[in-house]
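User: Could you walk me through how to read a protein model, one feature at a time? I would like the general idea each time, followed by the case at hand.

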Amino acid sequence: MASIRRRVLATGFFVLSVLFPAKTFAATFSGIYVFGDSLSDPGNVYNASKQVNSQNPAFPIIPPSPPYFNGRFSNGLNWVDYLSKDLGLYPTSVTSLQTGGNPSQGINFAYGGATTGTANTIFPTLPGLQQQIGQFTSQFPQSTADPNALYIVWAGGNDYLPTGSGFLPFDKPDTPLKNISTAVTNLAAVGAKNIMVVNLPDLGQVPLTRGMPFSQPLDALTEAHNAGLSQILDLLSQNLGFGVNLIPLDVNTLADQVRANPAQFNLTNVTDACVPDILKPTPICPNPDEYLFWDPNHLTDAGNRLVGNLAYSVLTSKPSERVPEPSSAVAIFAFGVLGTVSVLKRKRHKANLVTR
């Protein structure tokens, strides 16, 4: 009973940290470098497709803005935008460097459609995670990247979800996990010290897949991915050398919390999409701010704000607040992200990332 009570208390702290992120112990970073897919894309796919469209008007601009916001895959800012604002840093998109973008506070290399490997499910010519990392690391001899910057890696959804492209989704997490491990290792090799790595929400619960025959297998695949990611980060933390700070971010538990109690997060709908088709973007929801999903795969502005707040709360918590008592029932994220009792009972065997 005492263990359950501790989890319930931790749940309360988790909810507060998401809704009202504390700024007392703000981490100080010199810049932000982001690698990933559409969830973190600040307009790179939009800029690339707009350039092609200028030469071939039949070529679609993705995402269509409006109703998508300034090239983001959302109706507003994405989670990196919110985190950047809280940290007082404003990284430029990699595609804006050609038109005078200022990289002094970091660069966002994320492209919609990126897999953890070299494939891109939107346009084959656009980069996956490995090319993004390569574009960054090629600029630095060993150990000369900014050690005071924050580096973010979030990819994997496109490796498993069905797409309209020729990419064949993985049915096991081995290759995606190896790719993420390679990405983190290569960042550390050129001097990155603070590397945030994000796990996956249940992929069978997004509007694209929810209720489909492959929904439960996708949830199981997500669980295997996240458990494997936890093990990889544990090994990397031991092998990457002194001073490398791996920062896991557990959006999986956040998603569980939001689905379990939408009202706690000022949401009324956590299952449906406001825009059913990215290429036919006519919003059908009356108030996107009350929805978790903007389209079948992507979060609304409100959903992105929750993820950004969570990331900021992790970065600004005291180290002592990020090391809870171990539990034999579930691997607990050290920043206090614990499920409610009902979620814990339902997913008590799920392995989550553990902050070191």
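Analyst: Let's begin with the disulfide: the torsion about the S-S bond of Cys274 and Cys285 is about 100°, so this disulfide is right-handed. A disulfide here is a pair of cysteine sulfur atoms within 2.5 Å, and the sulfur atoms of Cys274 and Cys285 are 2.0 Å apart. The structure holds one disulfide. Before we go on, please keep in mind that this is a predicted model, where local features need pLDDT of at least 70, side-chain atom pairs count only at pLDDT 80 or more, and totals for chains, interfaces and linings use all residues. Residues are numbered from 1 along each chain as its sequence is written, and side-chain values use heavy atoms, with hydrogens and water left out.

User: Where in the chain do Cys274 and Cys285 sit, and are they buried or exposed?

Analyst: Cys274 and Cys285 are eleven residues apart, each in the loop between β7 (269-273) and β8 (291-293). Helices (H or I, at least four residues) and strands (E, at least two) are DSSP runs, numbered from the N terminus. Buried means under 20% relative accessible area, exposed over 50%, and partly exposed in between, with a 1.4 Å probe and protein chains only. Both Cys274 and Cys285 are buried.

User: How much of the chain is buried, and how many helices and strands does it have?

Analyst: Of the 356 residues, 55% count as buried. The chain has ten helices and eight strands.

User: How do the strands line up in the open sheet?

Analyst: As a general idea, strands of a sheet pair through backbone hydrogen bonds, either parallel or antiparallel. Two strands are taken as paired if DSSP finds at least two bridges between them. In this model, six strands form an open sheet with parallel pairing, in the order β2-β3-β1-β4-β5-β6. β2 (92-93) and β6 are the edge strands, each with a single partner, so one side of each has no neighbour in the sheet.

User: Why is β5 described as largely enclosed?

Analyst: Five of the five residues of β5 are buried, so the rest of the structure largely encloses this strand. Asn194, Met196 and Val198 are on one side, Ile195 and Val197 on the other. For β6 (residues 245-249), four of the five residues are buried, so this strand too is largely enclosed by the rest of the structure.

User: Which strands does α7 lie across, and at what angle does it run to β6?

Analyst: Axes are lines fitted to C-alpha atoms, for helices over the stretch in contact, and angles run from 0 to 180 degrees between N-to-C directions; contact means heavy atoms within 4.5 Å. α7 lies across β5 and β6 and runs at about 165° to β6. Another helix to look at is α3 (residues 79-87): seven of its nine residues are buried, so it is largely enclosed by the rest of the structure. Its buried residues, including Trp79 and Tyr82, pack against β1, β3, β4, β5, β6 and α9 (301-316).

User: What is the mean pLDDT of the chain?

Analyst: pLDDT is the predictor's confidence in each residue, from 0 to 100. The mean over the chain is 84, and 81% of the residues reach 70 or more. Over residues 1-26 the pLDDT is below 50, and this stretch has 48 contacts in the model beyond near neighbours in sequence. Residues 320-356 also have pLDDT below 50, with 93 such contacts. Where pLDDT is low, the predicted coordinates should not be read in detail.
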